[in-house]
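This report describes one protein structure, from its overall make-up to single residues. The sequence and model come next.

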Amino acid sequence: MSSTDTPRPAVAETRAKPPATAWISWVALAMMTTSSVASLRAAPTMAVYGLACVFLYLLPAVVFLLPTSLVSAELASGWKGGVYNWVALGISKPMGFLAVWCQFAMTIFYYPSLLGFVASTLAYVFNPALASSGVWTALVIIVVYWSGVWVSARGTKGVAGLASGGLIIGTLIPGVVLVTLGAVFLGQGNESAAPMTGDHLFPAWAGLASLVLIVNNFLSYSGMEMNAVHVSSLRRPAKEYPKAMFLAMGMVMLIFILPALAISWVVPAEELSLTAGVMQAFDAVFANFGSQWLTPIVGVMLVTASLGGMLTWLAGPSKGLLLISRQEGYLPPFLQRLNKHGVQQNILVVQGVVTTVIGLMYALIPDVSSAYWIFSVITTQVYLIMYLLMFVAAVGLRRRFPDHPRGFRAPLLVSLCGVGFAASLAALLVGFVPPSQFAGGNTGLYFLIVGGGALGLGLLVPYLFYRFRKPSWRQPAVPGDDEGIDVESTGANEP
């Protein structure tokens, strides 16, 4: 279809305005976005940089968070179907499958890294010495993950409430306590573990490896495309959505930066664990005030928030992959099979087997922090492939369907996509360079693990599924799915 073609009326019709009771305020949208993006889990990663963490959080916010937020808002306000439909229309169906696959595949490495954090946090509830034990970490990952699969496979509902409450229980309250007590710690005359002078606003340059940790911040800011679906519920999307995003960006950066600074005040960088750093800081601060008995309580709060988020997202990405695969026949029937609760149990089980193997690697890699970082990088690499496709698709959709109704039109879209694409590509490439704390390790092994995980899982596996697909793999739509995707009628074609 050429750029002068217009979509068919059935697809191009303007979305119906929601009833008055369905409007949401831009402040409410900002809070929703903050709750889905912000977390204390990444704080130890940036605390090793001290005051420079401000710069290291601000840079990806400008070059990645802002473009992602505004571009996904335009896409969500103009086309249903999520990232698959956006990329299928803007590029091609196979690329749409690759995008939705990467959105799913990144969770395979995300959950081991998330549960690695849970394991180290739980260690402070039972025995802090366990935080550095690979066997303990592997055991927690395997047991907790399969428990989550069992819950999700039964179609249990109401877990979303636990995850939404997690923002307050496991993020805001512990974050405020940590920052407040950290400030009191300094106010009592204690010297900050990290220098807080103007000379340390930027990280010391010691080669490319010294800045590799910034890659993890791209994943910290990811997920904005999920909340963009609510743009049509705003009364004045063109004015209110940017305001909501700027407010959310401010709150997210405060939640990321202030706890990271508080940790750097209390815990010296050389003693900081990337997985247990939050609990180290709480333990040190509470010890200063003679209240170490509060450490296990905070640990339970952090674990509750993490587990709630895990259960909420466990079946989400896999269901999106299932719906597209049944419609287009991208996955074999075995992986499309549903259990009696209508849940894609086989996908969850296969994912669980891979997660178990990854979890066992924690027991084989001597340094738990190294394993945690490696899996975090792989998670970021795979997810960034999806963002690269999304930015390209956004430019294609603006050029091919310039008159298609959109509730929100991103200003300077091509420039935003250019900045977002360049930043995502740079972060993806930098992720293959071992960070400075791995300088004494096996660089070749690091590259092999990261490259094999990111490129193998993110590109090779979906290519094999697509290459060997069969017409018989197409299945009836999932009962109750009212988000059917009619890509054919909107002009997306097979190459």
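## Terms and model

Buried means under 20% relative accessible area, exposed means over 50%, and partly exposed lies in between, with a 1.4 Å probe and protein chains only. At 18% relative accessibility, Q280 therefore counts as buried.

The model is predicted: local features need pLDDT of at least 70, side-chain atom pairs count only at pLDDT 80 or more, and totals for chains, interfaces and linings use all residues. Residues are numbered from 1 along each chain as its sequence is written, and side-chain values use heavy atoms, with hydrogens and water left out.

## Overall make-up

The protein has 19 helices and zero strands. Helices (H or I, at least four residues) and strands (E, at least two) are DSSP runs, numbered from the N terminus. Of the 495 residues, 54% are buried. The accessible surface comes to about 20400 Å², and carbon and sulfur atoms hold 67% of it. Such areas come from the Shrake-Rupley method with a 1.4 Å probe; for residues, only the protein chains shown count as cover.

A contact means heavy atoms within 4.5 Å. Among contacts in the protein with a separation of 6 or more, 83% join residues 24 or more positions apart.

## Core

A nonpolar core is a set of buried Ala, Val, Leu, Ile, Met, Phe, Trp, Tyr and Cys residues joined through side-chain atoms within 4.5 Å. The largest one has 140 residues. Those with the most contacts inside it are Y57, V71, L75, Y221, Y241, I263 and L302. Helix α6 (residues 93-126) gives the largest share of this core, 20 residues.

Helix α7 (residues 134-153) has 20 residues. The expected span is 1.5 Å times one less than the number of residues. For α7 that gives 28 Å, and the end C-alpha atoms are 28 Å apart, so the two agree. Buried residues in α7 include G134, W136, Y145 and A153.

Q280 sits in helix α12 (residues 277-288). Leaving aside residues up to four places away in sequence, Q280 touches Y124, V267, E271, L272 and S273.

## Salt bridges

A salt bridge is a side-chain nitrogen of Lys or Arg within 4 Å of a carboxyl oxygen of Asp or Glu. By this rule there are five. In one of them, R398 pairs with E74, with the closest N and O atoms 2.7 Å apart. This pair links distant parts of the chain: R398 is in helix α17 (residues 368-400), E74 is in helix α4 (residues 53-78), and 324 residues separate them. E74 has 2% relative accessibility and counts as buried.

R474 and E328 form another salt bridge, at 3.7 Å from N to O. R474 lies in the segment after α19 (443-467) and E328 in helix α14 (residues 316-328), so the pair ties together parts 146 residues apart in sequence. E328 is buried, at 8% relative accessible area. Through shared partners, salt bridges join E74, R398 and R406 into one network.

R236 also bridges to E240, with the closest N and O atoms 3.2 Å apart. R236 is partly exposed at 48% relative accessibility, whereas E240 is buried at 8%.

## Surface patch

Patches are made of residues with over 30% relative accessible area and no salt bridge; like charges are joined within 9 Å, and nonpolar side chains (Val, Leu, Ile, Met, Phe, Trp, Tyr) within 5 Å. I168, I169, L172 and I173 make a nonpolar patch of about 310 Å². I169 is in helix α8 (residues 159-187). At 38% relative accessibility, I169 counts as partly exposed.
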